[in-house]
Amino acid sequence: MAGLLIIGLFMGHPLAFVLGGTAVLGAFIAGKPMVLGITINRIFGDVLDNYTLIAIPLFVLMARFLSDSGVTDKMFEALRHLMARVTGGLGLAVVFISILMAATTGIIGASITVMGVMALKPMLDYGYDKRLTTGLIGASGCLGILIPPSIMLILMASYAPGLSVGELFAGAMMPGILLGLMYGLYVFGVALIRPDLAPKVAEEEQISRGELWKMLAVEAVPPLVLILGILGTMLGGIATATEASAIGAALALLIVIARGRFTLTNFYSAFLETGRTSAMILFIVVGATAFTGVFNITGGLSATQNLIRGLAEDPNTLLVVMLASVFVLGMFLDWTGIVLLCFPIFLPIVSEMQIDPLWFVVLMAVVLQTSFLSPPFGYALFYMRAIAPPEITTGDIIRGVLPFILMVLIMCALIVYFPSLITWLPGKLYGA
């Protein structure tokens with residue numbers, strides 16, 4: 001089954017159909033076609049009846065409404081002027097607006113594309129290094145799968161026994177924000193050491209402080225209300241993740257209407273795009289559920305777990321092996337496939353090792369940041385290639401993201417040495 005999976009992926013077929021097709025072929029090759037019936041029951045029980053997964057289309061819809069409202073464009077403009085007086089200010093504005101977008105959308109493709117359209121040309125025009133620019137936009141846009149509300153964390157919670165979406169959101173909050181701040185410090189450091197790579201904005205292009213604060217007051221309120229509506233109600237115990245996603249979608253629609261951007265055409269288009277994105281994610285979930293079901297019943301799951309256990313007796317070495325596997329898989333698969341393939345294998349081993357599952361799952365989520373950035377199949381690389389001008393090569397984009405991959409790995413090391421970076425906030429809110 002592993003061989004068929006690799007062959008199917010390298011032939012360029014969609015992941016969902018490769019996973020599902022491999023499950024069917026694996027069942028017949030093993031001489032156990034009857035397991036497909038059990039697998040279908042698992043799909044209905046674990047996927048189609050999973051109430052938590054309703055949050056996915058609602059958060060996707062919220063992201064689309066927010067994009068239609070034009071809030072992010074105005075916020076970037078306000079932050080661009082705010083940071084104009086700071087060394088590396090444009091780069092810092094990209095990081096801050098990406099953190100804000102991550103806390104309101106959680107859709108990687110949308111975040112990178114929007115940030116690329118807004119920031120790429122101005123940064124290049126002001127003389128920013130093309131590798132620094134593309135790397136920063138690509139890496140900052142990926143924060144959406146880590147900073148709540150994250151679709152990845154919702155999916156992880158639905159497949160991690162004993163963990164709630166709220167706990168994962170609380171656990172990922174601090175690592176996500178710290179990683180964003182690390183990106184900002186990197187840009188600031190580069191600008192101090194090599195001002196030619198990240199120059200200041202000319203003084204004649206800066207606006208008055210009064211006008212700046214007025215712009216910030218007007219443009220910052222809608223996204224802050226949205227963040228408070230989602231995370232405040234959920235972390236405060238007022239709403240579940242699914243209910244909070246509905247609140248977010250409703251507030252985003254109100255923002256569209258309040259800003260005079262509502263049209264029936266855009267409304268219909270938002271639902272159409274939400275349907276496509278949600279279907280893509282859930283098709284992968286169905287295919288992966290079929291694959292892991294057949295893989296488990298035919299003995300592949302226990303064999304793989306025994307192989308991992310046999311690689312090392314020491315818990316720390318086993319942990320490194322599991323995280324290194326996730327890192328390597330990230331070069332070839334997207335996060336959905338990795339989560340659904342690795343969770344059934346890793347979580348029982350983590351339980352045996354008496355490792356805090358919340359800590360492990362969030363640490364794995366941090367490692368999965370690299371799945372969007374690592375060549376040859378990092379999605380962020382393709383998004384950046386699609387919006388970058390011809391003078392920026394694919395090699396420039398790849399070399400631009402390498403320092404940010406290193407920063408993700410440094411953040412993983414910090415989490416290993418300081419577990420409270422993950423466990424402190426859930427402990428305060430949920431007693432976890």
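**View 1. The end of helix α4 and the residue that follows.** Just after α4, G70 adopts a positive phi of about 80°. The model shown here and in the other views is predicted. Helix α4 spans residues 55-69 and has 15 residues. From its first C-alpha to its last, α4 reaches 21 Å, close to the 21 Å expected at 1.5 Å a residue. The helix is mostly covered, with 12 of its 15 residues buried. Among the buried residues of α4 are A55, I56, F59, V60 and L61. D68 and S69, also in α4, are buried as well.

View 2. The side chains of R64 and E273 meet in a salt bridge, at 2.6 Å from N to O. This pair links distant parts of the chain, since R64 is in helix α4 and E273 is in helix α13 (residues 264-297), 209 residues apart. R64 counts as buried because its relative accessible area is 13%, under the 20% cut-off. E273, with a relative accessible area of 38%, is partly exposed. Side chains of opposite charge can pair when their charged atoms come close.

View 3. K121 forms a salt bridge with D125, and their closest N and O atoms are 2.9 Å apart. Both belong to helix α7 (residues 108-125); they are 4 residues apart, so about one helical turn separates them. K121 and D125 are both exposed.

**View 4. Further salt bridges.** The side chains of R194 and D196 meet in a salt bridge, with 2.9 Å from N to O. R194 is partly exposed, at a relative accessible area of 41%. D196 also counts as partly exposed, at 47% relative accessibility. Elsewhere, K130, R131, D396 and R399 are linked in a network of salt bridges. The count of salt bridges comes to 7.

View 5. T233 lies in helix α11, which covers residues 209-235. A polar atom of the T233 side chain lies 3.1 Å from the backbone oxygen of I230. T233 is buried, because its relative accessible area of 14% is under 20%.

**View 6. M411 in helix α19 and M182.** Helix α19 (residues 394-417) contains M411. This residue is buried, with a relative accessible area of 2%. M411 and M182 are 229 residues apart along the chain, and their C-alpha atoms are separated by 8.8 Å.

**View 7. A nonpolar patch on the surface.** The patch is formed by I6, F10, V328, F332, F377 and F382. Together these residues have about 590 Å² of accessible area. F382 is found in helix α18, which runs over residues 379-387. F382 is partly exposed, with a relative accessible area of 47%.

**View 8. Confidence along the protein.** The mean pLDDT of the protein is 84. Of its residues, 96% reach 70 or more. Confidence is lowest in helix α5 (residues 71-82), where the mean is 75. The highest confidence is in helix α17 (residues 357-367), at 94.

Definitions and conventions. Residues numbered from 1 in each chain as written. Heavy atoms only, no water. Patch = residues over 30% accessible without salt bridge, like charges linked within 9 Å, V, L, I, M, F, W, Y side chains within 5 Å. Areas by Shrake-Rupley, 256 points an atom, 1.4 Å probe, with all protein chains shown as cover. Salt bridge = Lys/Arg side-chain N within 4 Å of Asp/Glu carboxyl O. Helix = DSSP H or I, 4+ residues; strand = E, 2+ residues; numbered from the N terminus. Buried < 20%, exposed > 50% of the residue type's maximum accessible area, 1.4 Å probe, protein only. pLDDT = per-residue confidence, 0-100. Expected span 1.5 Å × (residues − 1). Polar contact = N/O pair within 3.5 Å; in protein donor to acceptor, adjacent residues only side chain to side chain.
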